[in-house]
Amino acid sequence: MRSGTSARRGVEMSADPAFAPRVRRLAIVSAIALGVIWMLAVTTPGAPAPVSVSLLLAWVSMPTVLAASLRRPRVRSIVALPSALAAVALIAICVTALPADDPLAAAGWLSITAGILLGAWLGAWFWYRWFPVPVSLDAPFSTGRWALIAVHVGLVVAGVLLVLAARVV
């Protein structure tokens, strides 16, 4: 192990029972959040049809993979696929269907996309260990991790609220 970083495989991909509640919570939250994002996308003018299909697949597969991984933790390694489906679809909305005449909705889609991309980056960093994890962030329940998760969730929630607000204003 290098000084100051964790080189070992994290608990995130293990069968450690202490991590199961977080996986359950993530499955529930992803089912709700991705469902809301999908509904917003299918009602967004100009959003390409493949975007809604990609988000629908992400909405169904993310909680399914996470739930299945509770019994078989190895399944958790494919959580990157639904994450990529959501990220690519949201980038496509930002590139092709960002409402130029509605800055509130545009800001919302950019915030949702930034939040999802941050979540994907956090997964690559902490779950897959594609980048060295500092010892201070190695523990899945550390304050630093919770702060990063709060930023990720905050961006997504703020974005959803902005898109919804744009529809009622």
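Me: How far apart are the closest N and O atoms in the salt bridge of Glu 12 with Arg 145?
Reply: The model is predicted. A salt bridge requires a side-chain nitrogen of Lys or Arg within 4 Å of a carboxyl oxygen of Asp or Glu. Glu 12 and Arg 145 form such a bridge, and their closest N and O atoms are separated by 2.5 Å.

Me: Which helix holds Arg 145, the partner of Glu 12 in that pair?
Reply: The pair links distant parts of the chain, 133 residues apart. Glu 12 is in the loop between β1 and α1, while Arg 145 is in helix α6 (residues 143-168). Both residues are buried. The helix asked for is α6.

Me: What is the closest N and O distance between Glu 12 and Arg 129, and why does this pair tie together parts of the chain?
Reply: Glu 12 lies in the loop between β1 (5-6) and α1 (20-42), and Arg 129 in the loop between α4 (103-127) and β2 (133-134), so the pair ties together parts 117 residues apart in sequence. Glu 12 and Arg 129 are both buried. The closest N and O atoms of their salt bridge are 3.2 Å apart.

Me: Is Asp 138, which forms a salt bridge with Arg 129, buried or exposed?
Reply: The closest N and O atoms of Arg 129 and Asp 138 are 2.7 Å apart. Buried means under 20% relative accessible area. Arg 129 has 16% relative accessibility and therefore counts as buried. Asp 138 has 12%, so Asp 138 also counts as buried.

Me: Which residues do salt bridges that share partners join into one network?
Reply: Arg 129 bridges to Asp 138, and Glu 12 bridges to Arg 129. Glu 12 also bridges to Arg 145. The count of salt bridges comes to three. Through shared partners they form one network of Glu 12, Arg 129, Asp 138 and Arg 145.

Me: How many aromatic pairs are there, and what is the geometry of Phe 19 and Trp 127?
Reply: The count comes to six aromatic pairs. The ring centres of Phe 19 and Trp 127 are 5.7 Å apart and the planes stand at 70 degrees, so this pair is edge-to-face.

Me: Which ring has Arg 145 over its face?
Reply: Arg 22 lies over the face of Trp 146, at 4.5 Å from the ring centre. Arg 145 is 4.0 Å from the centre of its ring, that of Phe 126.

Note on methods:
Residues numbered from 1 in each chain as written. Predicted model: local features only at pLDDT ≥ 70, side-chain atom pairs only at ≥ 80, totals over all residues. Heavy atoms only, no water. Helix = DSSP H or I, 4+ residues; strand = E, 2+ residues; numbered from the N terminus. Buried < 20%, exposed > 50% of the residue type's maximum accessible area, 1.4 Å probe, protein only. Phe/Tyr/Trp six-rings, centres within 6.5 Å; stacked < 30°, edge-to-face > 60°. Lys NZ or Arg CZ within 6 Å of the ring centre and 35° of its normal.
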